[in-house]
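Hi,

Here is the structure I said I would pass on. Have a look at it first, and my notes follow below.

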Amino acid sequence: MSVLSFVLILIAVMTLVSGELFLKRAMETTHESGFGSRRVLLPFSAGIAAMTISFFLKLGLLQHFDLSYLYPFQGFSVIIISIAAAIMLHERLTPPLVIGALLISAGIVVVSIS
């Protein structure tokens, strides 16, 4: 795998993570100001844009790599999203959540290796 391929995989995962975080922030804001306000539309639009970039990057990467190779990277997004949500959205990281995220990621890696 080349450095460029690794960077593109990393960008695909990080845009997925940022898209999830933006969409979560937008949905939390709808309770306060409704769906039509600028406070909702900006993070909502950013989330849709990030998820779209991630989607098209993954399509391009699937042209060059097996899905069984790319999927473990996707599995690590569970851990990254959990940590980022704790930092940026002030969500609690409970021990069961951490253990579950680690087990999911480990399971994806084990399945992809076999």
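Which hand does the crossing of helix 1 and helix 3 have? It is right-handed, where a crossing counts as right-handed if the near helix is turned clockwise from the far one by less than a right angle and left-handed if anticlockwise.

Before the rest, a word on where this comes from. This is a predicted model, in which local features need pLDDT of at least 70 and side-chain atom pairs count only at pLDDT 80 or more, while totals for chains, interfaces and linings use all residues. Residues are numbered from 1 along each chain as its sequence is written, and side-chain values use heavy atoms, with hydrogens and water left out.

The overall picture: the protein chain has 4 helices and 0 strands, so called from DSSP runs (H or I, at least four residues, for helices; E, at least two, for strands) numbered from the N terminus. The C-alpha trace spans about 50 × 35 × 20 Å along its principal axes.

Back to helix 1 and helix 3. Their axes come within 9 Å and cross at roughly 40°; axes here are lines fitted to C-alpha atoms, over the stretch in contact, and angles run from 0 to 180 degrees between N-to-C directions. That makes helix 1 oblique to helix 3 (under 35 degrees is roughly parallel, over 145 roughly antiparallel, 65 to 115 roughly perpendicular, and the rest oblique). In the contact (heavy atoms within 4.5 Å), helix 1 brings residues including Phe6, Val13 and Arg25, and helix 3 brings Tyr69, Phe73 and Met88 among others. By class, the residues of this contact divide into 15 nonpolar, 2 polar and 2 charged (Ala, Val, Leu, Ile, Met, Phe, Trp, Tyr, Cys and Pro are nonpolar, Asp, Glu, Lys and Arg charged, the others, Gly among them, polar).

Helix 1 also meets helix 2: the axes come within 7 Å and cross at roughly 155°. Helix 1 is therefore roughly antiparallel to helix 2. This crossing is left-handed, and its contact has 19 nonpolar, 9 polar and 5 charged residues.

Last, the largest pocket. Its volume is about 200 Å³ (a pocket is an open set of points on a 1 Å grid over the protein atoms alone where a 1.4 Å probe fits, with protein on both sides within 12 Å along at least five of seven lines; lining residues have an atom within 4 Å of a point; points are joined across faces, edges and corners, and the volume is the space filled by probe spheres set on them). Of its 13 lining residues, Lys58, Leu62, Leu67, Leu70 and Gln74 are the closest to the centre. Helix 1 (3–33), helix 2 (38–62) and helix 3 (67–88) each give two or more residues to the lining.

Cheers
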